[in-house]
Structure formats: C-alpha cells, structure tokens
Amino acid sequence: MIELKNVNQKYGGTQILWDLDLNIKKGSRTCIMGRNGVGKTTLLKTIMGMLPISSGSLIINDKDCVKASVEARPELGIGYVPQGRHIFPQLTVEENLKISLNCKRQTSKTIPEHIYELFPVLKEMLHRRGGDLSGGQQQQLAIGRALVLNPNILILDEPNEGIQPNIVQLIRDVLLKLNKEHGMTIVLVEQKLPFARAVGQEFHLMEKGSVIASGPMAELTDELVGMYLAV
Ligand SMILES: Nc1ncnc2c1ncn2[C@@H]1O[C@H](COP(=O)(O)OP(=O)(O)OP(=O)(O)O)[C@@H](O)[C@H]1O
C-alpha cells in the first residue's frame, strides 16, 4: 500500500533520509518511532509529496508517486494530520473543515456527518474561530479535516503533543475505530510508548534517517526501546 525503496532525501546540501526502505500494509496500524531529529517528519513529508525525492522509489496504492504532486495525495486516498496541527486560526471550525472540499474532483460539498459523531465538539463549535479552540479541540479539528475526503490511509504526525489525557484517549479510540470499522490504514509518528503500543500493530524504528528495525508491536523489546527510544 505504501512502499519506499532506497529513498534518499535532502534539505539543500544536508542529507536526512538515507537509503530508506519501508513497507506499510493495507489495513494496518503502523507506528513510526525514533528519537527527535531522526527524520520521522521528513519521512512523512516525503510520503505526502511535500519534499522532492533525491533518489529511490515511492509507491502508494499501486501508483508510482515519486513525481506526483502534494495536490494529488487526496485523490490517492491519503489524509494527513501534520505536526503542530496547522489550523487556520481566523477561519471558523466549519470553514477549516470545508477547505478540503475545494480540492479538484471533489463533487460533494458537504462535511460527512460521521466526523461530528467521532468528534462531537466540532459540531458544538462549528462557528467558533479555529484560533479560539484549545489545543485538544484543534487536534480534533485537524483530524476531522483530514477525514473530510474519506481517505483510506490516515497519516498523523505526533497527534498527542501537548494534549490533555482525556483527549489522548479519545484520539486513541477514534483511530482504533477508523481502522477496525472502516478498514482505514493508520500511519502514526509517535514518541510516547504507551500510546504507540495501544494503537500500533506494527512498528518501524528509525535512526539517522533509516529504518533500522521493524516488526509486530509485541517485538518492540525493552532492549530496542533502551537503544533507540530512551533519552
Ligand atoms: N526545512 C528544513 N531545512 C533543513 N533541515 C531541516 C528542515 N526540517 C528538518 N530539518 C532537519 O532534518 C532532521 C530531521 O528532522 P525531522 O523533523 O524529520 O525529525 P523528527 O524525527 O521528525 O524529529 P522530531 O521528533 O523532533 O519531530 C533534523 O536534523 C532537522 O533539524
């Protein structure tokens, strides 16, 4: 479903991803883990087409995506929740949600009702400005916005950063529901082990711009955690 082979990626002259291989299966819940600065966000941005690939291959839903633009991602069935949420502070909750509906080939102009069932607070705050919401409410909005186009893959970059525990639980439950009831593939960059273990079935551990260990979550041993995750 998402396959990267020998991917190299640079910011100017600085190489960040080194011959990176990654295989994410359809319908899986996958956690990408690693310490700060190992290249997790860069990897997600590369998958999303936000950064050009220096060399290597990227296949998403059987399509060669090395040269596909970021605008083509929703049509490939990918929703993205960026690190830091990137809510438009001056727009209302409704306007933030509707932004995705403007994308090419999108014929329906209504927000799917199930988004409000997952996150009831969004309906209650529909006419409030994004900038007036709490961090947890903004995160629900960011996830809701990524779901507007009914993706079959949802990619999230540290969705729990700075979020209170009850909203972390809600996000966990929503991700499990989307996966189990809708068959959605969940790709999650996560540093917090308990959340990664609760949501992820598979892990990929990154170090210095490469994936250095992968497997079922049960195989993420204390030894691996100590070597590659503990501060
Ligand atoms: N726009 C940029 N220009 C130049 N270097 C960058 C840019 N964005 C990130 N980097 C560098 O690339 C490296 C990988 O950053 P990245 O954000 O992908 O890591 P990360 O694993 O997601 O870290 P974190 O957990 O802190 O978010 C870091 O050394 C970072 O300083």
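In this predicted model, Ile 2 stands opposite Ile 24 of strand E2. That pair belongs to the contact between strand E1, residues 2-11, and E2, which run antiparallel and are joined by 7 bridges.

**The antiparallel sheet**

- E1 and E2 are part of an open sheet of 4 strands, ordered E2-E1-E4-E5 and paired in antiparallel fashion.
- The edges of this sheet are formed by E2, residues 14-24, and E5, residues 63-64, each of which pairs on one side only.

**The ligand shell**

- Which residues surround the ligand? They are Tyr 11, Thr 14, Ile 16, Gly 34, Asn 36, Gly 37, Val 38, Gly 39, Lys 40, Thr 41 and Thr 42.
- E2 and H1 each contribute at least two residues to this shell.
- H1 provides the largest share, with 3 residues.
- By residue class, the shell divides into 7 polar, 3 nonpolar and 1 charged.

**Strand E8 and its parallel partners**

- Strands of a sheet pair through backbone hydrogen bonds, and the pairing may be parallel or antiparallel.
- Strand E3, residues 29-33, runs parallel to E8 and is joined to it by 4 bridges.
- Within this pairing, Arg 29 has Ile 186 of E8 as its bridge partner.
- Strand E7, residues 153-157, also runs parallel to E8, with 5 bridges joining the two.
- Here the bridge partner of Asp 157 in E8 is Val 189.
- E8 itself, residues 185-189, is mostly covered, with 5 of its 5 residues buried.
- In a regular strand, side chains alternate between the two faces of the sheet.
- In E8, Thr 185, Val 187 and Val 189 point one way, whereas Ile 186 and Leu 188 point the other way, and all of them are buried.

- Arg 85, although not a glycine, has a positive phi of about 75°.
- Arg 85 is located in the loop between strand E6, residues 78-81, and helix H2.
- Arg 85 counts as buried because 20 C-beta neighbours lie inside 10 Å, and 20 or more is the criterion for burial.
- Lys 208 likewise is a residue other than glycine with a positive phi, near 45°.
- Lys 208 lies in the loop between strand E9, residues 202-207, and strand E10, residues 210-216.
- Because Lys 208 has 13 C-beta neighbours inside 10 Å, it counts as partly exposed.

- Is Thr 110 buried or exposed? Thr 110 is exposed, since 8 other C-beta atoms lie within 10 Å, and a residue with 12 or fewer falls in that class.
- Thr 110 is placed in the loop between H2, residues 93-98, and helix H3, residues 114-118.
- The C-alpha atoms of Thr 110 and Lys 63 are 28 Å apart in space, and the two residues are 47 apart in sequence.
- Gly 135 belongs to helix H5, residues 135-147.
- With 13 C-beta neighbours inside 10 Å, Gly 135 counts as partly exposed.
- Leaving aside residues up to four places away in sequence, Gly 135 touches Gly 162 and Ile 163.
- Gly 135 and Gln 191 are 56 residues apart along the chain, with a C-alpha separation of 18 Å.

**The chain as a whole**

- The secondary structure of the chain comprises 8 helices and 10 strands.
- The radius of gyration of the chain is 17 Å, which agrees with the value near 17 Å for a compact globule of 231 residues.
- Along its principal axes, the C-alpha trace spans about 45 × 40 × 35 Å.
- Of the 231 residues, 38% count as buried.
- Among contacts between residues at least 6 apart in sequence, 67% join residues at least 24 apart.

Definitions and conventions. Residues numbered from 1 in each chain as written. Predicted model: local features only at pLDDT ≥ 70, side-chain atom pairs only at ≥ 80, totals over all residues. Pairing = 2+ DSSP bridges. Near = placed C-beta within 6 Å. Nonpolar A, V, L, I, M, F, W, Y, C, P; charged D, E, K, R; others polar. Rg over C-alpha atoms; globule rule 2.2 N^0.38 Å. Contact = placed C-beta atoms within 7 Å.
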